[in-house]
Amino acid sequence: GKGLNHMEKRIAICPGSFDPITKGHLDIIRRAANLFDEVIVLIMVNYTKTNTAFTAAERVEMARRVTADIPNVRVDYYAGLLADYARQQGACTLVKGLRAVTDFEYEFQMALTNKKLYPNLETLFLTTDIQYMYLSSSVVRQVASFGGDISEFVCPELLEDIQKRLAPAPGVLPNA
Ligand code: ADP
């Protein structure tokens, strides 16, 4: 394939399930967009998270809505191997957010695996913004499914759609 050199566009990928995309994700995406010529937010299939709350098409659409103002970001979906996608796109870097030590072991393993599959691809870890350290998509799903306030966790333009999907119907609260 074509080698990477400094004359080419530096393309980074922010991969994940984004089920749904949170303010923590968006912070990492914005910071990646400041570092690279182009950033691809890649919605992926994770076989340990098969029961997603949102379909791939919905996750893509939500990610597009909240990144519409960042000119060098685009959103894509891929159901295959991340290393293959990166090679196809000529991406040089995977950008991942690191929250706490609990993220480390898994991310370390993934980074080494991807390096084996595609040695030209680097994995870059950005430390979470401290205000999003606790935040994950599963926290959003959990809180929303009990009718809790998720406005601190997700972008305002997604709030209603996420609540509609996840909030308990009135009168059928799980413990009612
Ligand atoms: P989650 O772990 O929330 O289900 P994903 O699988 O969609 O998220 O993860 C995509 C990427 O976003 C991962 O690199 C993950 O570490 C990062 N990420 C998720 N939430 C945050 C956050 N609050 N701060 C920084 N990075 C985050």
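How far is an oxygen atom of the ligand from a polar backbone atom of glycine 97? That distance is 2.5 Å. The model is a predicted one, where local features need pLDDT of at least 70, side-chain atom pairs count only at pLDDT 80 or more, and totals for chains, interfaces and linings use all residues. Residues are numbered from 1 along each chain as its sequence is written, and side-chain values use heavy atoms, with hydrogens and water left out.

View 1. A nitrogen atom of the ligand sits 2.8 Å from a polar backbone atom of tyrosine 132, and an oxygen atom of the ligand is 3.0 Å from one of serine 137. The protein covers 90% of the 540 Å² of accessible area that the ligand has on its own. (A polar contact here is a pair of N or O atoms within 3.5 Å; accessible areas come from the Shrake-Rupley method with a 1.4 Å probe.)

**View 2. The shell around the ligand.** There are 18 residues around the ligand, and Phe18, Gly97, Thr128, Tyr132 and Leu135 come nearest; to be near, a residue needs a heavy atom within 4 Å. Sorted by class, the shell has 5 nonpolar, 8 polar and 5 charged residues, with Gly counted as polar and Tyr as nonpolar. H1 gives the most, with 3 residues. (Helices, at least four residues, and strands, at least two, are DSSP runs numbered from the N terminus.)

View 3. E1 and E4 run parallel and are joined by 2 bridges; two strands pair if DSSP finds at least two bridges between them. Look for alanine 12, which stands opposite threonine 93 in E4. E4 also pairs with strand E5 (residues 122-127), again in the parallel sense, over 6 bridges. There, leucine 94 has threonine 123 in E5 as its bridge partner.

**View 4. The loop between E1 and H1.** Phenylalanine 18, placed in the loop between E1 and H1, has phi near 50°, a positive value in a residue other than glycine. Proline 20 lies in the loop between E1 and H1, and a cis peptide bond joins aspartate 19 to proline 20, with omega about 0°.

Note on methods: Polar contact = N/O pair within 3.5 Å; in protein donor to acceptor, adjacent residues only side chain to side chain.
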